[in-house]
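Subject: Structure handover

Hello,

Please find the structure below.

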Amino acid sequence: MKLAQFRTRESDKQRLGLAVGDVVCDVAELARAVKAAGSATAPWLLEVNSTLEVINRGESAAKEISGLLTSHLPPQGRGIATGYSVNEILFLPAVYPSKILAIGRNYADHAIEGGAAPPAAPLLFNKLPNSLSGHNAPIVLPEISQKVDYEAELAVVIGRRARRISEAKALDHVFGYTLINDVSARDLQFGDGQWTRGKGLDTFAPLGPFITTRDEIADVQALKIEGRLNGEVMQSSNTGKMIFPIAYLVSYLSQGMTLEPGDVIATGTPEGVGVFRDPPVLLKAGDVYEVEVEGLGMLRNPVAAEE
């Protein structure tokens, strides 16, 4: 299934969304419609409004949500549960994690285009919670940087606490996958000598729009990944080209830090980023960048100047 966090244009209330065909249903609203029609539903579903609550409840939670779709609803019950068009809702970040761990240079061709050797071990840095934003939310160009770049990436969402786990069992601790744009202020990243500021500015981690649960992806290391600037393909690769595959990354990170449910791992970007092009192609106000990964959907963000 595909889950999202959203609100409507009429209300600031956060909702948990479930993709049903071409629309998004409010899970709590759907659960109340099922209950009103006389069918049994798990009580927690009547008020649920976040992906993290689903993740924390374990495997049974996804099954209980799926059960809402197979419950018998009379015509009046179907009318109670609204299906929202993706164009009429405001997507929030797909999850609010306790930490966002990101991997640098995890595609050999990206390392090479920047003049670096492929790393011998995962190159780890942090994205900060203030950098989170959602699908269609603007990437805001800060006044302190003149070189803001894009990075299309697949993101992993942890489902079960992971501490010192083996690579063989690593994917058992994954809830699902989503999309992230690892927006980067290159002048700050390279000038500071470390990456926290350049990678962690406000709006620099668009995440979403949906989390696709792990059961829907047969092989996460065989997915096309693409990044498009104003409709033009800038990055095109396959997750099979990662130097360190996802199972390895989850296991590697868990050896020294506990991964908590909802934590996000950004798994690296393929070649084609703007700063290493000749001439460089950097983000400017009015641009739109799209990240698409096979089976996971598309993350779209316009670019705006700081007010």
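Leaving aside neighbours within four places in sequence, which residues is Glu151 in contact with? I come back to this below, after some remarks on the model and the chain.

This is a predicted model, in which local features need pLDDT of at least 70 and side-chain atom pairs count only at pLDDT 80 or more, while totals for chains, interfaces and linings use all residues. Residues are numbered from 1 along each chain as its sequence is written, and side-chain values use heavy atoms, with hydrogens and water left out.

The chain as a whole

The chain has eight helices and 20 strands. Both are DSSP runs numbered from the N terminus: helices are H or I with at least four residues, strands are E with at least two. The C-alpha trace spans about 65 × 45 × 30 Å along its principal axes.

Of the 307 residues, 53% are buried. Buried means under 20% relative accessible area, exposed means over 50%, and partly exposed is in between (1.4 Å probe, protein chains only). The accessible surface comes to about 13,000 Å², and 51% of it belongs to carbon and sulfur atoms. These areas come from the Shrake-Rupley method with a 1.4 Å probe; for residues, only the protein chains shown count as cover.

Among the contacts with a separation of 6 or more, 74% are between residues 24 or more positions apart. A contact means heavy atoms within 4.5 Å.

Glu151

Now to the opening question. Apart from its neighbours within four places in sequence, Glu151 is in contact with His110, Ile180, Asn181, Asp182, Ser184, Arg186, Lys199, Gln235, Thr269 and Val273. Glu151 sits in the loop between S10 and S11. With a relative accessibility of 4%, Glu151 counts as buried.

Aromatic pairs

Rings of Phe, Tyr and Trp (its six-membered ring) pair if their centres lie within 6.5 Å; planes under 30 degrees apart count as stacked, over 60 as edge-to-face and the rest as tilted. By this rule there are seven aromatic pairs. One of them is Phe125 with Trp195, which is edge-to-face, at 5.1 Å centre to centre and 65° between the planes. Phe125 is in strand S7 (residues 123-127) and Trp195 is in the loop between helix H6 (186-192) and helix H7 (196-199), so this pair ties together parts 70 residues apart in sequence. Phe125 is buried at 9% relative accessible area, and Trp195 is buried at 19%.

Why does the pair of Tyr150 and Tyr289 count as stacked? The ring centres are 4.3 Å apart and the planes are at 15°, so the pair of Tyr150 and Tyr289 is stacked. Tyr150 lies in the loop between strand S10 (148-149) and strand S11 (152-158), and Tyr289 lies in strand S19 (residues 288-293), so the pair ties together parts 139 residues apart in sequence. Tyr150 is buried, at 0% relative accessibility, and Tyr289 is buried, also at 0%. Separately, Phe244, Tyr248 and Tyr252 form one aromatic cluster.

Backbone details

Most residues other than glycine have a negative phi, and most peptide bonds are trans.

- A cis peptide bond, with omega about 0°, joins Gly208 and Pro209; Pro209 is in the loop between strand S14 (205-206) and strand S15 (211-213).
- Asp278 and Pro279 are also joined by a cis peptide bond, with omega about 0°; Pro279 is in the loop between strand S18 (264-266) and S19.
- Arg105, not a glycine, has a positive phi of about 55°. Arg105 is in the loop between strand S6 (100-104) and helix H5 (108-113) and is partly exposed at 32% relative accessible area.
- Asn230 has a positive phi near 55°. Asn230 is in the loop between strand S16 (224-229) and strand S17 (232-238) and is partly exposed at 45%.

Regards
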